[in-house]
Amino acid sequence: MRTLDAIAHILKKEGIEYLSAFPTTSVIESAADIGIRPIICRQERVGVGIADGYSRVTSGRPAGVFAMQYGPGAENAYAGVATAFSDAVPMLLLPLGHPAGRDGVYPHFSSVRSYESVTKNVERLQSPALVADTMRRAFALLKMGRPGPVMVEIPADIGDMDVPEGVVESYRPVKAAIAGADVSAVDEAAAALLSADNPVVYAGQGVMHAEASDDLVELAELLQIPVTTSMAGKSGFPEKHPLSLGSASGVMNGAAYRFIGRADLVFAVGSSLTKHGMTMTIPEDKTLIHATNDPIDIGKNYDVEYPLLGDARLIIRQLIEACKDRLGGESRNGETAEEIATVRGQWLNSWMRKLASDEVPINPYRVMWEFMQNVDPDHAIVTHDSGSPRDQLMPFYQSGGPHTYLGWGKSHGLGTGLGLNIGAKLAAPDKFVVNFMGDAAFGMTGLDFETAARSGIPILTIVLNNSTMAIETSHMARSHELYRTRDLGGQYADMARAMGGWAEKVEDPSDVGGAILRAKAATENGEAALLEFITSEEGEFSHRRPFG
């Protein structure tokens, strides 16, 4: 058995069903031979995004996998890996490497050297005899600790060598181990949580990785505490729940703004609390309880009075028990849910002028509002793209349960949402999987819509076409005045049909809802679909950068 065949067999043992890839790499053939389906993308960045989206929905159980050739393939994949690393996505990357004698020789590209800063770990396979040990280390890193991309570089010559007998047969899938927090630290945090006048929970994607959403609902209901989520954590707490404040990133709705602003304590769980332009900055006057599985996060950007190190689900369970002990087994009563509903309703009413607008070109908020009226969030997976679609969608869209929204953006490569969408559909074929993107984002990765159409992956892509880079209005004012630098062009529905998909172009706001239902029906019929909405250059956002 060749090394490449051995790697494919190990992937199969670890439950891998799909291999996102771009040639030339013989990993594709080895995987296909044993029933792992290759998904061949049009460019490597999207291929990484497919693996990324798959892992976000499965929480890496099993992980998404992407394979590429050495040199140009590994070079082109870099931007996608950087996005996955910044968002802590567990995924396995399998680039080929230069054969012995060429690795590290100037100017050859070395994955080991070049990817060190954007992977959790990168290792070069040293010999066929070490394939099981190397892959075991990779899967252990994928399954335990802080999530992130893990890379194994396969030298081209080693990939074709024979593996010693019994090496693959002896491989056993890696079992994950988790731990809870220090008991006394949990008790102190519980006391602080119960004594706070206006506590708020801030949940990150670690809640979903730990499968702790139900536990977080139990804690919130026990203490009647409102819950907001980070961008990456959106859907970690069901947003139709009466105690949900929705997401709080660089934008937020009125209820999140009200409750976070007046909070005296924030319990951040499953979040790295990284300060970034796409994340919410927590005001400095808050007491912080911070639960994370990586000590590098504690004290990184904030003073934390109550640090808790461990698995999010175990820590939440510990807090539930500690709080019950202090409450004598009784749940708290309160009017939190009623206040959230009132404040959110007032905020939503103030936006109806845009959400229900009949203006032509169509206001993008009208598209999102009609989508919300016609789609069940529990049976959908939705993601945004960079720029205006992200900031317009996140405050308004109310996601369903875990993994029904893919929030991303600490490293926000334009066009990322399309690959995530394809990967999410592979992971959850029964869901209506939709990405919102602008025309600039389509220009980056739009040809990979053909990947979905060709591969029989029935996603919906919604293109908000305003023929300009609206998000850059303030940054390119003079150059646009002189040279029209923000202008864009394209007929995206026509392109989608030419690539084998179902498509419609919509210009009448009264037809938005009907078009969404027709597109949904097309996906249910097994077709990749694209809706092109001709929209206005909308520049208003809800509570953008409210706390700095």
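**Close-up views of a predicted model**

**View 1. Helices α3 and α5 cross at roughly 25 degrees.** The axes of helix α3 (residues 44-58) and helix α5 (residues 78-86) come within 7 Å; axes are lines fitted to C-alpha atoms, for helices over the stretch in contact, with angles running from 0 to 180 degrees between N-to-C directions. Helix α3 is therefore roughly parallel to α5 (angles under 35 degrees). Helices and strands are DSSP runs numbered from the N terminus, helices being H or I of at least four residues and strands E of at least two. In contact (heavy atoms within 4.5 Å), Arg 45, Val 48, Asp 52 and Arg 56 of α3 meet residues of α5 including Val 81 and Thr 83.

This is a predicted model, in which local features need pLDDT of at least 70 and side-chain atom pairs count only at pLDDT 80 or more, while totals for chains, interfaces and linings use all residues. Residues are numbered from 1 along each chain as its sequence is written, and side-chain values use heavy atoms, leaving out hydrogens and water.

**View 2. Six strands form an open sheet with parallel pairing.** The strand order is β14-β13-β15-β16-β18-β17, where pairing requires at least two bridges found by DSSP. The edge strands, β14 (405-406) and β17 (502-506), each pair on one side only. Helix α22 (residues 512-524) packs on the sheet and touches β15, β16, β17 and β18.

**View 3. Helix α1 (residues 3-13) has buried residues, among them Leu 4, Ile 7 and Leu 11.** Buried means under 20% relative accessible area (1.4 Å probe, protein chains only). Their cover includes α2, β4, α7, β6 and α8. Gly 15, which follows α1, has a positive phi near 85 degrees.

Notes:
Buried < 20%, exposed > 50% of the residue type's maximum accessible area, 1.4 Å probe, protein only. Parallel < 35°, antiparallel > 145°, perpendicular 65-115°, else oblique.
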